[in-house]
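Have the model open as you read.

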Amino acid sequence: MSYIENLWLYFILLTGIVIVPGMDMVFVLANALTGGRRAGLSATLGIMLGGACHALFGAVAVAGLTRFIPSLSGPMLLAGSAYMIWIGYTLARSSIVIASVDAPRPGASRKIFFQALLTCLLNPKAWLFTFAIFPQFMKPAFGPLWSQGLVMGLMTISVQGIIYGGLALAALRSRDAIVSNPALTIWIGRGAGIFLMVIAAYTAVQGWAGV
């Protein structure tokens, strides 16, 4: 598998996860609906900074462990794949529905930005998920690990910016499409789960063959 193919797999996986309705999406929608587009975009920027922190953590953890304890490379790959498959299985069986958007009072853009950052940073599942994903796609054969981590980090915040920023800019329509159509959110979650399981299994086989 080439580096470009590797990045495409990461992009597909990342997009599938970001579009699953969750805490970050609800926070952006809630602020956009109560505080307007400016509040929604402030929330989006905060989530993006949180995503950058997750990506930095993933890159540093993978680079450090594989450099100082090379024997962990294989187990990390299998453990990460197993975790990704489990999350995918959970999503594929889920019925994610956003019944309502209960928002706090609209505040200043700076306050919303830091609230969004904390919302993203205090999500333990995001940290665990990042640690599980990055070992699947960062490989010494593709060049320096720091540059791979940088590219993946930029991809992460770009996808977050496009999806969440799009929601913020079209808040009312986005809210109606998501909240009033439970079947949409259910199939988004299940589709993302299936994608996750397939990609996790594929990267595990390809990665283990190259270990």
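A disulfide here means a pair of cysteine sulfur atoms within 2.5 Å. Keep that cut-off in mind as you look at this model, which is a predicted one. Searching the whole structure turns up zero disulfides. Cys53 takes part in none, and the nearest cysteine sulfur to it belongs to Cys120, 7.9 Å away. Cys120 is buried, with a relative accessible area of 2%, whereas Cys53 is partly exposed at 30%.

Now move to helix H1, which covers residues 3–18. This helix has 16 residues and reaches 22 Å from its first C-alpha to its last, close to the 22 Å expected at 1.5 Å a residue. Several of its residues are buried, including Asn6, Leu7, Leu9 and Tyr10. Further along H1, Leu13, Leu14, Gly16 and Val18 are among the buried residues as well.

Other side chains tell another part of the story. Ile4, Trp8, Phe11, Ile12 and Phe195 form a nonpolar patch on the surface, and together they have about 520 Å² of accessible area. Helix H1 supplies the largest share of this patch, four residues. Take Phe11 as an example: it sits in helix H1, and because its relative accessibility is 33%, Phe11 counts as partly exposed.

Terms used. Residues numbered from 1 in each chain as written. Predicted model: local features only at pLDDT ≥ 70, side-chain atom pairs only at ≥ 80, totals over all residues. Heavy atoms only, no water. Patch = residues over 30% accessible without salt bridge, like charges linked within 9 Å, V, L, I, M, F, W, Y side chains within 5 Å. Areas by Shrake-Rupley, 256 points an atom, 1.4 Å probe, with all protein chains shown as cover. Salt bridge = Lys/Arg side-chain N within 4 Å of Asp/Glu carboxyl O. Helix = DSSP H or I, 4+ residues; strand = E, 2+ residues; numbered from the N terminus. Buried < 20%, exposed > 50% of the residue type's maximum accessible area, 1.4 Å probe, protein only. Expected span 1.5 Å × (residues − 1).
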